Amino acid sequence: RLLASMLHLAACTVLAVLAGLCKESGLTLLVFIAGIELCSPHPSHSGRRRGIAVALTALVIFVLVGFLRYQITQGTGAAFGYVDTPVQYQESRVVRAWTY
């Protein structure tokens, strides 16, 4: 069962990296998987240990992928213009709040 879980985690890692190429929030798939593993009921003690192992592995992979993304993009700053994100240039806080 641990091997199957790790294979599923490997598939989730590939999907998270692909989703992360489109939008940063795609990387949170790995955190979501860790949360599911930690919150899922496990009928046996060994099942609980497996869930914790998968969750910790998912979090470590998330940190590694996040670090690699940070290195590739040279940080978190981006020079977006009005055409890219017009909301951030709105003076009204109400307008900006309603967009979220």
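1. Helices here are DSSP runs of H or I with at least four residues, strands are E runs of at least two, and numbering goes from the N terminus. Keep in mind that this is a predicted model, where local features need pLDDT of at least 70 and side-chain atom pairs count only at pLDDT 80 or more, while totals for chains, interfaces and linings use all residues. Residues are numbered from 1 along each chain as its sequence is written, and side-chain values use heavy atoms, with hydrogens and water left out.

2. On overall shape, the radius of gyration is 18 Å, whereas a compact globule of 100 residues would come out near 13 Å (taken over C-alpha atoms; the globule rule is 2.2 Å times the number of residues to the power 0.38). The C-alpha atoms fill a box of roughly 55 × 30 × 15 Å along the principal axes. Buried residues, meaning those under 20% relative accessible area (1.4 Å probe, protein chains only), are 21% of the 100 in the chain.

3. Now α1 (residues 2-22) against α3 (residues 45-73): they pack at about 25°, axes 11 Å apart. The axes are lines fitted to C-alpha atoms over the stretch in contact, and angles run from 0 to 180 degrees between N-to-C directions. That makes the two roughly parallel (angles under 35 degrees; over 145 is roughly antiparallel, 65 to 115 roughly perpendicular, the rest oblique). On the α1 side, the contact (heavy atoms within 4.5 Å) includes Leu-2, Met-6 and Val-17, and on the α3 side Ala-53, Ile-61 and Arg-69 are among the partners. By class there are nine nonpolar, four polar and two charged residues (Ala, Val, Leu, Ile, Met, Phe, Trp, Tyr, Cys and Pro are nonpolar, Asp, Glu, Lys and Arg charged, the others, Gly among them, polar).

4. For α1 with α2 (residues 29-39), the angle is about 150° and the axes are 9 Å apart, so this pair is roughly antiparallel. Leu-9, Cys-12, Thr-13, Leu-15 and Ala-16 of α1 meet Leu-29, Leu-30 and Ile-33 of α2. That contact has seven nonpolar residues, one polar and no charged.

5. Last, have a look at Phe-62 in α3. Phe-62 is partly exposed, at 28% relative accessible area (the class runs between the buried limit and the exposed one, over 50%). Leaving aside residues up to four places away in sequence, Phe-62 touches Leu-27, Leu-30 and Val-31.
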